[in-house]
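Me: I've just opened this one and would like to talk it through with you. Can we start with the charges and then go wherever the questions lead?

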Amino acid sequence: MTESKTSFGSKLGAILAAAGSAVGLGNVWRFPTETGANGGAAFILIYVFFMIVLGVPVMISELAIGRYGQKNVSHSFYTMSNNKRGWAYMGWLPVVAGILVLSYYAVVAGWTLEYAFAASINDFAGKTPEQFAADFGAFSSDPLKPLLWLGLIIAMTTAIVACGVQKGIERGAKIMMPILFVCIAVLVCCSFTLPGASDGLEFLLKPDFSKVTSATVLSAMGQAFFTLSVGICCLCTYGCYFRKDVNLMKDSLSVAAIDTMVALMSGLIIFPAVYSVPGLAPDAGPSLVFITLPNVFQQVFSGIPVLAYGFSLLFYTLLVMAALTSSISMLEMSAAIFVRKYKMGRLWACLMVGGVCMLFGSACSLSFGIWSDYTVGGLGFFDLFDFVVAKLFMPIGALVVCLFLGYVVDEKVLRNELTNGGTIRQPMYPLYRLCIRYLAPILITLIFINEL
């Protein structure tokens, strides 16, 4: 199967594909957890500020680099640097990072499939809080069951990406993103009817700046940075598929707005639900999604089983959609260079990358069970992969992108790319340039130090 149709067919498709790359489990899982642990609305305001001054400029930069070369990330860095050969090696960052990210991300994505299936057969009905905790512990440590769901999520991702840019990635985004939005809208409406809705909304929307510390600021900065999947050249890969008539700065703002909206609406779902059950804390952490919320749904709708069933099924369907839209971009960023630079058939490239991710993902999954004693520097395989990507690759990659466009690339080349050859005005370009050259590198360095 050879590659064809190597650009997104429409501007909407490009925006939805890029938004699908950004929107993932981090919006529904990590954002509410960070918000709950850092004081609610005050954290959100700081987060939005850093989205504007850090996340969006780096996103614009990655898309600009990718679109400039059109072919692949390696070619884009090489040509944009005025043919400096060393920059071509940046093309391998998305290959390695994509494999590492998908390997451990697919493990959690597989958990969402298990819980969506459990919700569909009404397996949550009648269980106690202790049973939910015990069930999750038994499932995540099982040597076989999580591997089956892991294999299924990787197979689904491989099948979509193997269909190509327009027929696979773009079409998948056009189908799954609207489903994701519908699920979120319905769940938000349902959450507003819960008994704890007012308390949850107050926590989410009423700032309490007395709770803001330096740790809160750094956490908000980190969330803004990681939620858009910037730093690993994922968006450089997608930028190669953007047409030359696309307004990159405008579309980047649209993607950031969609990503932020999904995160905020996830908070509107989760916090009213959590505050509806006495004794539960909004900062329950990763256990929030797989232990706390199934229990919340059963308790809140204990007198109306059909609502408990519907709410649970819809919520975990939302998680599956969010997981898939991101996993597609992870596999594509690894497979793309083999397809576009080394002319490998798309199907074979996807099968190769998917197979490697399945191998590494199995190690990550088993690190919760029979391989829990195998560690590297005190970290199990799952935590090790997360550390390497989130704490090393992403901040270092983003810093390199900023320095590349800020100090290596001819400023006229960059301006020409962002103004589409001078055909569109970009009044915010000076501010963008300021962020890339000075502000973003400083903030990224602070994130890097804090995360380590």
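Me: How many positive and negative side chains are there, and how far apart are the centres of the two sets?
Reply: Keeping in mind that this is a predicted model, the protein carries 27 positive and 24 negative side chains, and the centres of these two sets lie 17 Å apart.

Me: And how many salt bridges does the structure hold?
Reply: The structure holds ten salt bridges. As background, side chains of opposite charge can pair when their charged atoms come close.

Me: Pick one for me: what does arginine 67 pair with?
Reply: Arginine 67 forms a salt bridge with glutamate 417, and the closest N and O atoms of the pair are 2.7 Å apart. Arginine 67 sits in helix H3 (residues 41–69) while glutamate 417 sits in helix H17 (residues 411–418), so this pair ties together parts that are 350 residues apart in sequence.

Me: Are those two buried or exposed?
Reply: Arginine 67 and glutamate 417 are both buried. For glutamate 417 the relative accessible area is 5%, which is why it counts as buried, the limit being under 20%.

Me: Which other residue forms a salt bridge with glutamate 417?
Reply: Lysine 244 does, with the closest N and O atoms 3.2 Å apart. Lysine 244 lies in the loop between helix H11 (234–239) and helix H12 (248–275), and glutamate 417 in helix H17, so here the parts tied together are 173 residues apart in sequence. Lysine 244 is partly exposed, with a relative accessible area of 40%, whereas glutamate 417 is buried at 5%.

Me: What does glutamate 417 touch, leaving out residues up to four places away in sequence?
Reply: With those set aside, glutamate 417 touches Ala64, Arg67, Tyr68 and Lys244.

Me: OK, moving on, what does glutamate 332 meet in a salt bridge?
Reply: The side chain of glutamate 332 meets that of arginine 346, at 2.8 Å from N to O. Glutamate 332 belongs to helix H14 (residues 305–340) and arginine 346 to helix H15 (residues 346–366), so the pair ties together parts that are 14 residues apart in sequence. Both glutamate 332 and arginine 346 are buried.

Me: What share of the residues is buried, then?
Reply: Buried residues make up 58% of the 452 residues in the protein. The accessible surface comes to about 17,300 Å², and 67% of that area belongs to carbon and sulfur atoms.

Me: What about contacts, how much comes from residues 24 or more positions apart?
Reply: Among contacts with a separation of 6 or more, residues 24 or more positions apart account for 83%.

Me: Now the backbone: what is the phi of asparagine 82?
Reply: Asparagine 82 has a positive phi of about 65°, although it is not a glycine. Its place is in the loop between helix H4 (73–80) and helix H5 (92–120), and asparagine 82 is exposed, with a relative accessible area of 61%.

Me: And where does asparagine 420 lie, and what is its phi?
Reply: Asparagine 420 lies in the loop between H17 and helix H18 (429–451), and its phi is near 55°, again a positive value in a residue other than glycine. At 13% relative accessibility, asparagine 420 counts as buried.

Me: Last one: where is alanine 220 found, and what does it touch?
Reply: Alanine 220 is found in helix H10 (residues 214–227), and at 0% relative accessibility it counts as buried. Not counting residues up to four places away in sequence, alanine 220 touches Phe43, Ile46, Tyr47 and Phe50. From alanine 220 to tyrosine 407 the distance is 27 Å, C-alpha to C-alpha, and the two are 187 residues apart in sequence.

Notes:
Residues numbered from 1 in each chain as written. Predicted model: local features only at pLDDT ≥ 70, side-chain atom pairs only at ≥ 80, totals over all residues. Heavy atoms only, no water. Buried < 20%, exposed > 50% of the residue type's maximum accessible area, 1.4 Å probe, protein only. Contact = heavy atoms within 4.5 Å. Areas by Shrake-Rupley, 256 points an atom, 1.4 Å probe, with all protein chains shown as cover. Lys, Arg positive; Asp, Glu negative; His and termini not counted. Charge placed at Lys NZ, Arg CZ, Asp CG, Glu CD. Salt bridge = Lys/Arg side-chain N within 4 Å of Asp/Glu carboxyl O. Helix = DSSP H or I, 4+ residues; strand = E, 2+ residues; numbered from the N terminus.
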